[in-house]
Amino acid sequence: MPRTIAEQSSDLRMGTFRLARRLRAEKADDDLSDGQFSVLAALFTHGPHTLSSLAERERVSAPSMNRTVGCLEDLGYLTRVPDADDKRRVSITLAPSGTDIVKATVKKRDAWLTHALKAVTPEERATLADAAAIMQRLAGR
């Protein structure tokens with residue numbers, strides 16, 4: 001019996017969440033929370049941010065982001081740089097160690113997924129490649 005779109009949606013959601021959870025477990029610093037790594041990855045991908053723009057990007061409150069940034073700053077993963085023209089404005093940037101942790105985590109996650117993909121058939125890998133393109137398109141909506 002064919003599955004409904006709603007049932008297929010549920011299966012896709014669960015599969016996506018389970019795979020994402022498994023990939024998130026692969027990180028170069030096991031003490032970093034998912035939220036902390038997300039901040040580092042956002043800075044790596046999108047460059048320096050103000051605290052408020054980073055909070056908006058990560059969909060958290062400014063006080064919550066301030067705590068996260070403070071913790072990451074204490075760990076040496078990022079720095080706060082005062083604006084030359086407006087001393088009230090601070091730019092949050094990745095420190096070299098923050099860049100290193102993002103690159104190492106991405107490498108570790110890619111290695112895990114590469115190993116996992118070796119366990120499926122070439123046809124399944126082709127299907128997953130097609131699905132990845134479709135998922136990227138859906139995520140862009």
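**Helix packing and a surface patch in a predicted model**

User: Which residues of α5 do L19, R22, L23 and R24 in α1 meet?
Analyst: This is a predicted model. In α1, the contact residues are L19, R22, L23 and R24. Across from them, α5 supplies R109, W112 and L113.

User: Are α1 and α5 oblique or roughly parallel to each other?
Analyst: Helix α1 spans residues 5–24, and helix α5 spans residues 96–117. Their axes lie 9 Å apart, and the packing angle is about 125°. Roughly perpendicular covers 65 to 115 degrees, and roughly antiparallel needs over 145.

User: How are α3 and α4 oriented to each other?
Analyst: Helix α3 covers residues 51–58, and helix α4 covers residues 62–74. Their axes come within 9 Å and cross at roughly 105°. The range 65 to 115 degrees counts as roughly perpendicular. Therefore α3 and α4 are roughly perpendicular.

User: How many residues of the contact of α3 with α4 are nonpolar?
Analyst: From α3 come L51, L54, A55 and E58. From α4 come A62, M65, N66 and V69. The contact has 1 polar and 1 charged residue. The nonpolar residues number 6.

User: Which helix gives the largest share of the nonpolar patch?
Analyst: L12, I134, M135 and L138 make this surface patch of about 330 Å². I134 is found in helix α6. The largest share, 3 residues, comes from the helix of residues 122–139, α6.

Key
Residues are numbered from 1 along each chain as its sequence is written. This is a predicted model: local features need pLDDT of at least 70, side-chain atom pairs count only at pLDDT 80 or more; totals for chains, interfaces and linings use all residues. Side-chain values use heavy atoms; hydrogens and water are left out. Axes are lines fitted to C-alpha atoms, for helices over the stretch in contact, and angles run from 0 to 180 degrees between N-to-C directions. Helices (H or I, at least four residues) and strands (E, at least two) are DSSP runs, numbered from the N terminus. Contact means heavy atoms within 4.5 Å. Patches are made of residues with over 30% relative accessible area and no salt bridge: like charges are joined within 9 Å, nonpolar side chains (Val, Leu, Ile, Met, Phe, Trp, Tyr) within 5 Å. Accessible areas come from the Shrake-Rupley method with a 1.4 Å probe; for residues, only the protein chains shown count as cover. A salt bridge is a side-chain nitrogen of Lys or Arg within 4 Å of a carboxyl oxygen of Asp or Glu. Angles under 35 degrees count as roughly parallel, over 145 as roughly antiparallel, 65 to 115 as roughly perpendicular and the rest as oblique. Ala, Val, Leu, Ile, Met, Phe, Trp, Tyr, Cys and Pro count as nonpolar, Asp, Glu, Lys and Arg as charged, and the others, Gly among them, as polar.
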